[in-house]
Amino acid sequence: MSRCRSRISLVFSIILGFCSLPGCGEADPLNRQAISGEIKLNGGPLAQGTIEFSPSDAQLSPVGTTIEAGRYSIPADRGLSPGDYIVRIGAAGDAPSADELPGDSNVVAKQLIPEDYNVKSQHKVTIVAGQENRFDLNIDAPDSGK
């Protein structure tokens, strides 16, 4: 019986020893980084919208989040791998009237963000491992209604 317990103890010791090695356990193979920032529209915080980071590396997926009161934040567990990304921002203006039934309206909410920060964006950021990855933008959109 004692011999059996010794073997079990040895096996558990080996397993624990391997898990204490670098690269074992909860390490992130993508080396994702937290990212945050502020988005201003015509000098004031963007009330709400979305931000997307599209990677230059086609093997990685785009990552995005919401913008609330001009701020966005993506934690490291959902973050971005180091590299270059194109930033796209979206924010809809006033929605169509609540009087209309869904499907009865052909009115689409106006996009507040100019195309050069949205569908035609070429604004790039570089995510660097081990650094604070904070990116702020001040978007000028005279016809946004603000």
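Modeller: A definition to start with: two strands pair if DSSP finds at least two bridges between them. Helices (H or I, at least four residues) and strands (E, at least two) are DSSP runs, numbered from the N terminus. This is a predicted model, in which local features need pLDDT of at least 70 and side-chain atom pairs count only at pLDDT 80 or more, while totals for chains, interfaces and linings use all residues. Residues are numbered from 1 along each chain as its sequence is written, and side-chain values use heavy atoms, with hydrogens and water left out.

Biologist: Fine. How many helices and strands in the protein chain?

Modeller: One helix and eight strands. Read from the N terminus, the order is α-β-β-β-β-β-β-β-β.

Biologist: And which way do β3 and β4 run?

Modeller: β3 and β4 run antiparallel, joined by six bridges. In that pairing Phe 53 sits opposite Val 63 of β4.

Biologist: What about β3 and β6?

Modeller: β3 and β6 are also antiparallel, with six bridges. Ser 54 stands opposite Ile 86 in β6. β6 in turn is joined to β7 by four bridges, again antiparallel, and there Ile 86 faces Lys 124 of β7.

Biologist: Which side chains of β7 are buried?

Modeller: Val 125 and Ile 127, which point to one face. Buried means under 20% relative accessible area, exposed over 50%, and partly exposed in between (1.4 Å probe, protein chains only).

Biologist: How much of the chain is buried by that rule?

Modeller: 27% of the 146 residues. The chain exposes about 9900 Å², and carbon and sulfur atoms supply 54% of that. Those areas come from the Shrake-Rupley method with a 1.4 Å probe; for residues, only the protein chains shown count as cover.

Biologist: Which residues of the largest nonpolar core touch the most other members?

Modeller: Phe 53 and Ile 89, in a core of 23 residues. β1 (35-41), β3 (48-55), β4 (63-68), β5 (71-74), β6 (83-90) and β7 (124-127) each supply at least two residues of this core. A nonpolar core here is a set of buried Ala, Val, Leu, Ile, Met, Phe, Trp, Tyr and Cys residues joined through side-chain atoms within 4.5 Å.

Biologist: Stay on Phe 53. What is it in contact with?

Modeller: Beyond its neighbours within four places in sequence, Phe 53 is in contact with residues including Ile 35, Pro 62, Tyr 72, Leu 80, Val 87 and Val 125. Contact means heavy atoms within 4.5 Å. Phe 53 has a relative accessible area of 0%, so it counts as buried.

Biologist: How many aromatic pairs are there?

Modeller: The count is one. The ring centres of Phe 53 and Tyr 72 are 6.0 Å apart and the planes are at 45 degrees, so the pair is tilted. The pair links distant parts of the chain, with Phe 53 in β3 and Tyr 72 in β5, 19 residues apart. The rule takes rings of Phe, Tyr and Trp (its six-membered ring) with centres within 6.5 Å; planes under 30 degrees apart count as stacked, over 60 as edge-to-face and the rest as tilted. Tyr 72 is buried at 4% relative accessible area.

Biologist: Change of topic. Where does Asn 133 lie?

Modeller: In the loop between β7 and β8 (137-139). Asn 133 is buried, with a relative accessible area of 4%.

Biologist: Which backbone atoms does its side chain reach?

Modeller: A polar atom of the Asn 133 side chain lies 3.0 Å from the backbone nitrogen of Val 128, and the side chain reaches the backbone oxygen of Gln 131 at 3.1 Å. A polar contact is a pair of N or O atoms within 3.5 Å; within protein, one must be able to donate a hydrogen and the other to accept it, and residues adjacent in sequence count only if both atoms are side-chain atoms. Gln 33 is among the residues in contact with Asn 133.

Biologist: Is Gln 33 buried or exposed?

Modeller: Buried, at 11% relative accessibility. Gln 33 lies in the loop between α1 (2-19) and β1. Its side chain reaches the backbone oxygen of Asn 31 at 2.9 Å and the backbone nitrogen of Gly 130 at 3.0 Å.
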